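Have a look at the fold first, then read on.

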Amino acid sequence: MNDVDQGLDFSTVIASTVHDMKNSLTVLMQAHGQWLARLPDAQAYTDEQGVIDFEFAHLNGMLVQLLGLYKLGVNQLPVRPDYHELDDFIEAQLAAHQEVFKSRGLLVTYEVDPLSPLGFFDRELIGTVLANAINNAIRYAQQSLLICVGEETGQLVLTINDDGEGYPAQMIERQAEYIQGINPSSGSTGLGLYFAARIAQLHQRNGVHGRTEISNGGPLGGGLFSLYLP
């Protein structure tokens, strides 16, 4: 078989398909939003609508994550860090989830350390990591979410805390492995943590790389996702 007959690389086919799926999902989400805006509040804000909003966000996040992993694999994911106002950055992240928060009845608050008003990072990449982490926290939160931004040992730290049951002990113990295999009860693959860790590691300064950490506790007592950026 010659080179012409070998066809396209399968990973390239998958990446192209995922890109088309994301475009279709975006059109679907926009059309759904326009239709929803024409409904009375009593019909627009229902439990079923909450499920739809959440799953839209979840699907979009997974597709963005898959494209990011493909680009990481072929070294085509550039990092363009810049200084960003952290209040503005967090508010933009929360605004993207407002419909889900409302339909789920979640109280969501955030705190930014006034001594650390700016962060130096790639806004799009870190935004994707936080969006996935927020979406995960929404799945398990009972009533509240809290996002905190501050500084620790010279690093910017962003945490997402929920009031759910927290991460399973085995997941915390094995977090350094990132890819943990498919969980038959939850369907979790660990790819979200892997993606977040890889994006964090791409951010480095003076030989120090970013990292992620999961634990339980925090002000709300549930799961605590932490992102450290140098």
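How close do the axes of α4 and α6 come, and at what angle do they cross? They come within 10 Å and cross at roughly 50°, with axes fitted to C-alpha atoms (for helices over the stretch in contact) and angles from 0 to 180 degrees between N-to-C directions. This is a predicted model, in which local features need pLDDT of at least 70, side-chain atom pairs count only at pLDDT 80 or more, and totals for chains, interfaces and linings use all residues. Residues are numbered from 1 along each chain as its sequence is written, and side-chain values use heavy atoms, without hydrogens and water.

**The sheet**
- Five strands form an open, mixed sheet in the order β2-β4-β5-β9-β8; strands are DSSP E runs of at least two residues, helices H or I runs of at least four, both numbered from the N terminus, and two strands pair if DSSP finds at least two bridges between them.
- At the edges, β2 (107-112) and β8 (211-216) each pair on one side only.
- β5 (residues 155-162) runs antiparallel to β9 (residues 223-229), joined by six bridges, and V157 stands opposite Y228 in β9.

**Helices on the sheet**
- Helix α4 (residues 86-95) packs on the sheet and touches β2, β4 (144-152) and β5, where contact means heavy atoms within 4.5 Å.
- Helix α6 (residues 123-140) also packs there, touching β4, β5 and β9.

**Helix to helix**
- Among the residues that meet are F89, I90 and L94 in α4 and I126, L130 and I134 in α6.
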